[in-house]
Amino acid sequence: MTQSALAAGAMCLCPIASRKEVGKQMRIGKGIGAAVLSALLCTAMLFLPTTAFAENLNATDQIGMVRSNVPYLQVEIKSQDVHAAEVQGKLGNAEMTLYSLDRTDNQKTLTCVLLDNSASMTQDNICPRGSFDQLKTGVQALLKQASADHQIGVYSIGAGLPKCLGTAKDADSAKKVAASVAALKGDEDATDLNTALDQLFDQVSALSDQYQVLHFILLTDVSADYSNGIDLSEVQVKYQYNKVPLYTVCNTRAVNSSTYKRLRTLSRVSGGEAQIYDYQKTPSFTPVLEQLYKHTLQSSVACFVTDQAVDNRARELALTVGGTVYKETVLLDTAVKTQAPVQAEIRVSADHQAFQICYRQDGLNGAVPVNAKALENGAYQITRTGKDKPLAVKKAEKNADGSYTVWMDKEIYSGTYDFTFPGITDLSQNANAVQPIKGLELQGKNPFLRVLPYLFVALAVLLVLLAFYLILLGLKKKKNVKTIKELFETQEVQVVEERHHVRAAVPATMNITLHIQTAGAPLHTVQLAVQGSAFVGRSSICDVYIDDPKLSRQHFALEVKDGVVLIADLHSANGTFVNGARVKDKQKLQPGNTITAGLSTIKVEF
């Protein structure tokens with residue numbers, strides 16, 4: 001507790017003491033002036049605006065919940081208008097490192113509502129008639145705000161141990177808990193608040209690792225004023241030094257109640273607040289409770305890292321917010337060695353060049369600090385699922401928010417990946433390792449784009465072949481080169497077919513010798529046994545083919561008919577000549593004639 005907080009608390013008590021003194025003077029009739037002053041004060045109070053926190057006489061501390069889970073320390077700051085640059089922390093003489101700062105309503109929270117179910121809650125001389133039903137109605141309405149991230153548990157306290165009525169996490173669970181609240185009758189034996197709060201603290205603290213923020217809301221009365229009073233000294237130590245905020249609402253009009261004052265002090269030192277619910281002024285309790293619940297979420301949570309040893313001693317926590325230092329004494333005896341495994345959340349960067357990795361741990365919000373191994377390339381073993389060869393890591397970098405960027409040598413494609421993190425641990429004494437991940441589906445670059453370059457190459461080859469084919473087709477049309485099939489489709493070929501038909505009936509065969517002289521090549525002699533006809537040209541499908549670039553594919557034909565050798569030009573590009581005369585129509589050959597075709601000279605003998 002800071003000195004400034006004590007001073008603020010003392011200042012808040014002054015108006016109450018003054019009103020009490022004035023009232024006393026009025027009752028004993030000491031002076032007309034005092035009576036007039038009292039009347040003026042009372043009149044002014046009647047016209048003052050009332051809110052849910054009108055009777056809250058707490059100091060304006062900035063520190064709420066404190067959770068220690070070495071090496072992490074989470075501190076609730078009672079303001080949402082806080083920036084990381086304005087926050088610093090010290091534990092004892094050791095500086096702490098701030099690694100995350102977030103609003104409480106962005107955390108996973110548990111708010112435990114403690115509803116006093118003792119008979120005094122329905123006794124007219126202690127609590128106004130109907131006020132207990134209003135408290136139940138307010139709790140039932142509040143349960144409708146419960147969600148998976150902001151859960152609300154309800155406990156009834158009375159005779160024996162606190163009874164858990166359930167925890168609302170959604171609409172269905174909220175209805176069940178609301179039904180249990182509606183069944184309360186306010187008829188149990190007197191509540192031992194000291195024992196109830198102590199036991200409830202232990203019960204709920206066992207669940208604290210499931211939530212980032214934990215709050216208590218106590219709804220009770222001041223019936224202890226009518227008995228031997230209440231002693232909260234023992235439980236106050238537990239709530240004060242472990243810093244679990246307790247928000248108290250007393251169902252009474254007695255602001256000066258000794259029970260209320262003790263509960264207000266307990267709430268104050270725990271990091272919470274206390275207020276009066278005056279049923280006669282504000283019959284509906286629902287807006288009061290909803291405003292209080294909203295108030296508990298209007299804060300921020302700063303998460304620090306510290307290497308301070310746990311030695312079960314009280315430590316001074318100094319929190320600097322916007323240049324103002326707030327100090328609290330806290331115990332780290334509830335701090336435990338972190339035994340939760342570290343989980344890695346992974347996604348692919350927008351440019352498909354790197355993996356974005358954020359380390360998480362149950363019970364802690366934000367990126368969990370890990371050791372320096374996380375900056376080494378060898379600390380990341382990444383493979384495609386089902387493959388053995390690891391992907392090459394280029395470098396690893398730490399980001400401002402505590403996450404890491406692992407750059408890869410090649411682009412990352414969509415698919416399933418396996419990750420292991422050898423050597424990477426958290427900073428706790430247990431050095432918890434990062435858990436491996438198998439078969440993680442990630443969205444990266446479209447795998448089709450990987451084969452796209454090869455498709456382009458294949459398409460280019462096809463286009464080249466197509467162009468080559470079109471060129472050949474154009475040359476063919478230009479030189480009027482005909483295939484054997486085309487030749488036999490002409491009328492002349494029909495004549496040849498007829499001759500072949502006749503030849504089949506009366507076979508005519510003649511031995512013809514061709515002496516072929518091509519420019520730049522030696523003399524070559526070919527013996528032909530011609531039955532019907534024989535083709536000469538540059539194509540290998542001819543009976544005689546000559547390697548002469550000036551010859552057409554099928555240049556001319558020799559035909560044997562009735563013992564006579566005929567020659568016919570096959571519409572060649574460069575023409576066919578016999579003894580220097582161009583062959584226009586089919587004509588007869590004589591032994592010793594010389595045929596000129598292209599660059600070749602052919603002497604015929606038969």
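Buried means under 20% relative accessible area, exposed means over 50%, and partly exposed lies in between, with a 1.4 Å probe and protein chains only. H571 is partly exposed, with a relative accessible area of 40%.

This is a predicted model, in which local features need pLDDT of at least 70 and side-chain atom pairs count only at pLDDT 80 or more, while totals for chains, interfaces and linings use all residues. Residues are numbered from 1 along each chain as its sequence is written, and side-chain values use heavy atoms, with hydrogens and water left out.

**Backbone with positive phi**

Most residues other than glycine have a negative phi. H571 is not a glycine, yet its phi is positive. N579 is also not a glycine and has a positive phi. Helices (H or I, at least four residues) and strands (E, at least two) are DSSP runs, numbered from the N terminus. H571 sits in the loop between β26 (564-569) and β27 (576-578). N579 sits in the loop between β27 and β28 (581-582).

| Residue | Phi | Relative accessible area |
|---|---|---|
| H571 | about 55° | 40% |
| N579 | about 55° | 49% |

Which residues of α6 (residues 233-242) are buried? They are V235, Y239, Q240 and N242.

**Packing of α3 and α8**

Helix α3 (residues 131-143) packs against helix α8 (residues 286-297) at an angle of about 45°. Their axes are 8 Å apart. Axes are lines fitted to C-alpha atoms, for helices over the stretch in contact, and angles run from 0 to 180 degrees between N-to-C directions. α3 is therefore oblique to α8. Angles under 35 degrees count as roughly parallel, over 145 as roughly antiparallel, 65 to 115 as roughly perpendicular, and the rest as oblique.

The crossing of α3 past α8 is right-handed. That term applies if the near helix is turned clockwise from the far one by less than a right angle; anticlockwise is left-handed.

On α3, the contact uses T137, G138, V139, A141 and L142. On α8, it uses T286, L289, E290 and Y293. Contact means heavy atoms within 4.5 Å. These residues divide into 5 nonpolar, 3 polar and 1 charged. Ala, Val, Leu, Ile, Met, Phe, Trp, Tyr, Cys and Pro count as nonpolar, Asp, Glu, Lys and Arg as charged, and the others, Gly among them, as polar.

**Cysteines**

A disulfide is a pair of cysteine sulfur atoms within 2.5 Å. By this rule the count is 0. C303 is buried, at 1% relative accessibility. C542 is buried too, at 6%.
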